[in-house]
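Biologist: I'd like to learn how to read a model like this one, feature by feature. Could you walk me through it?

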Amino acid sequence: MSNIMILLKREFASFFATPVAYVFIGIFLTLSAVFAFFIGSFYERGQADLLPFFNFHPWLYLFLVPAIAMRSWSEERKSGSIELLMTLPISTWQAMVAKHLAAWLVLGLALILTFPLWLTVNYLGSPDNGIIIAAYLGSWFMAGAFLAIGICMSALTKKQVIAFILAVVVCFLFVVSGSNIVLDAFKSWAPTLVIDTVASFSFLSHFEAMAKGVIALNDLGYFLLVTLSWLFAGLVIIDQKKAD
Amino acid sequence: MISVKNLKKSFSGVVAVDDLSFDIRPGEVVGFLGPNGAGKSTTMKMLTGFLEPSSGEISVFDLNLTDSPLAIKQKIGYLPEGAPAYGDMTPLQFLSFIAQVRGYKGREKNERIQQVIRQIELQEVLDKPIDNLSKGFKRRVGLAQALLHDPQILILDEPTDGLDPNQKHQVRELIKNLAKDKIVIISTHILEEVTAVCNRVMIIAKGQLQFDGTPNELNRQSKYFGAITLHFSYRADISGLAELDGVAEMQVDEESGAVTLFPEVDSQILHLVTAHVQRCKLPVDTLVVEQGRLDEVFRNITQREAK
């Protein structure tokens, strides 16, 4: 446990030693506000909730989270520091968990820093703050799942750009698998069971419920499971390919 | 003690290390010599547990590397090739991170860090990001990291690569002054380094062990070991030199006029040569007893057909 804490601290600090974290947080705050106010018609709806803000999160994460995840293993491989890390008395899974938690904390920090929006909506009306907290929690868990995909892709290659593109593609599949475009393609021929399975993989359908304030254990559990599965896949990849 | 049995490693069909077996005991400073791509680094990566062998066994102080990797990693200090580090950290932050991972806390941690900083002389760069340091300092940060926990086993992959002659000397002194009960393994392709710091040499070529012995034994393999080179101030009659007992062969360098006398195996010819020089009043201005030419031995060993 203490090993994870030490590694976590190092990873977290390195986000702030380089401008990565600042750029990420800045862009996240700007874009989420732009989406909420201009595209999500935050005012025009006349409702005291943050739904227009949360609805765009999957799409924001689609590009921003792979950007923050791409360096996690790629850079270690490229600089050779992976050799140093793996010959220290720590386990690979500890390094993996620490990398994920560190980036997840940065994402959490970005989410927390959107609090002015929450203040605004409380000033303008009286929203159900329970719903908002549930939505924040759901958004953070979803970000964690995106992050795990990005970290796994980063474990695949030395090149950050390739890691980024792969992560965006895989994340995109997970986001759209619940949308009508994809499901329509299946509807004409596939049995309901297949359609339901494809739909159940979707980040969107699991997140939508939580954005409306319904914290179902199976939605949180879903994101947690996705996170753990991708981190485990990353672990297998690192063990197989650490030398090249 | 490190014990390696039938170690093999291949990367997608290409054999990098082919059936290596050796034991290394405390007190030995072993130099891995070999051409580039001979399998030195791969062997080191397997010893440190970074790579898993394709087959074969490694045990360290009677612990098996596959069964208890963490316990073994605690005992090893490792400088990987190119001395990688986290470039956005300063040496102080980096060493503090390594110390924590190595399990040091509080005052003990600070003492360890201060000691290694003094030992490696890193004082002037402590607060600069490692990315901005010169190649020499980067290498020294890597060394400091490997020495921090005063490991029983020190594995250094090309520790003096990229250092200037003063820094090389300093690193070699450092290695020599380590406690005498440690195991030190260094890899290098600088031949003098081996005679300067090691008490055992292993030459690896094409993934196989081609030579295992002391630096002195390596020197003895040279045709030039014990040979005597004479230089004359003016032309003189040198015919008698070749006829001396124990002289196997005489070579004359046309350009400089220097004469090299090669001894027969296991014979000393110095006293015979000096006696002859005095008797015939030869105008010798320099006389050199050769210690063996390592580059020649190295070429012979590494370029002969693999076993």
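This is a predicted model: local features need pLDDT of at least 70, side-chain atom pairs count only at pLDDT 80 or more; totals for chains, interfaces and linings use all residues.

Biologist: What is the radius of gyration of chain A, and what would a compact globule have?

Modeller: A compact globule of 244 residues would have a radius of gyration near 18 Å, and chain A has 19 Å, so the two agree. For the outline, take the principal axes: along them the C-alpha atoms of chain A fill a box of roughly 55 × 50 × 30 Å.

Biologist: How many helices and strands does chain A have?

Modeller: Chain A has 14 helices and 0 strands. Among contacts between residues at least 6 apart in sequence, 80% join residues at least 24 apart.

Biologist: Now helix packing. At what angle do the axes of helix H5 and helix H9 of chain A cross?

Modeller: An angle under 35 degrees counts as roughly parallel. The axes of H5(A), residues 71-79, and H9(A), residues 129-156, cross at roughly 20° and come within 6 Å. That angle is why H5(A) is roughly parallel to H9(A). Their crossing is right-handed.

Biologist: Which residues make that contact between H5(A) and H9(A)?

Modeller: H5(A) brings Arg71(A), Ser72(A), Trp73(A) and Ser74(A), while H9(A) brings Ile151(A), Ser154(A) and Ala155(A). Sorted by class, this contact has 3 nonpolar, 3 polar and 1 charged residues.

Biologist: What about helix H7 of chain A against H9(A): at what angle do their axes cross?

Modeller: Here the axes come within 10 Å and cross at roughly 140°, with H7(A) covering residues 92-112.

Biologist: Which residues of H7(A) and H9(A) meet?

Modeller: From H7(A) they include Lys99(A), His100(A), Ala103(A) and Trp104(A). Facing them in H9(A) are residues including Tyr136(A), Trp140(A), Leu147(A) and Ile151(A). By class, the contact of H7(A) with H9(A) divides into 10 nonpolar, 4 polar and 1 charged.

Biologist: Can we look at one glycine in detail? Is Gly234(A) buried or exposed?

Modeller: Gly234(A) counts as buried because it has 26 C-beta neighbours inside 10 Å. You'll find Gly234(A) in helix H14 of chain A, residues 217-241. Leaving aside residues up to four places away in sequence, Gly234(A) touches Met96(A), Ile151(A), Cys152(A) and Ala155(A). Sequence and space can also be set side by side: Gly234(A) and Met153(A) are 81 residues apart in sequence and 7.3 Å apart in space, C-alpha to C-alpha.

Biologist: On to the interface. How many residues of chain A are in contact with chain B?

Modeller: 17 residues of chain A are in contact with 19 residues of chain B. Helix H1 (2-17) and helix H6 (81-87) of chain A are the elements that give two or more residues to that side of chain A. The residues of this side divide into 8 nonpolar, 7 polar and 2 charged.

Biologist: Last topic, backbone angles. What is phi of Glu121(B)?

Modeller: Most residues other than glycine have a negative phi. Phi of Glu121(B) is positive, near 60°. Glu121(B) sits in the loop between helix H4 (106-120) and helix H5 (135-147) of chain B, and is partly exposed because 14 other C-beta atoms are within 10 Å.

Biologist: Where does Lys281(B) lie?

Modeller: Lys281(B) is in the loop between helix H10 (270-279) and strand S14 (284-291) of chain B. Its phi is positive as well, about 50°, although Lys281(B) is not a glycine. With 8 C-beta neighbours inside 10 Å, Lys281(B) counts as exposed.

How values were computed: Residues are numbered from 1 along each chain as its sequence is written. Chains are lettered from A and ligands numbered from 1 in the order in which they are written. Helices (H or I, at least four residues) and strands (E, at least two) are DSSP runs, numbered from the N terminus. The radius of gyration is taken over C-alpha atoms; the globule rule is 2.2 Å times the number of residues to the power 0.38. Two residues are in contact if their C-beta atoms, placed from the backbone, lie within 7 Å. Axes are lines fitted to C-alpha atoms, for helices over the stretch in contact, and angles run from 0 to 180 degrees between N-to-C directions. Angles under 35 degrees count as roughly parallel, over 145 as roughly antiparallel, 65 to 115 as roughly perpendicular and the rest as oblique. A crossing is left-handed if the near helix is turned anticlockwise from the far one by less than a right angle, and right-handed if clockwise. Ala, Val, Leu, Ile, Met, Phe, Trp, Tyr, Cys and Pro count as nonpolar, Asp, Glu, Lys and Arg as charged, and the others, Gly among them, as polar. A residue is buried if 20 or more other C-beta atoms lie within 10 Å of its own, exposed if 12 or fewer, and partly exposed in between; C-beta atoms are placed from the backbone.
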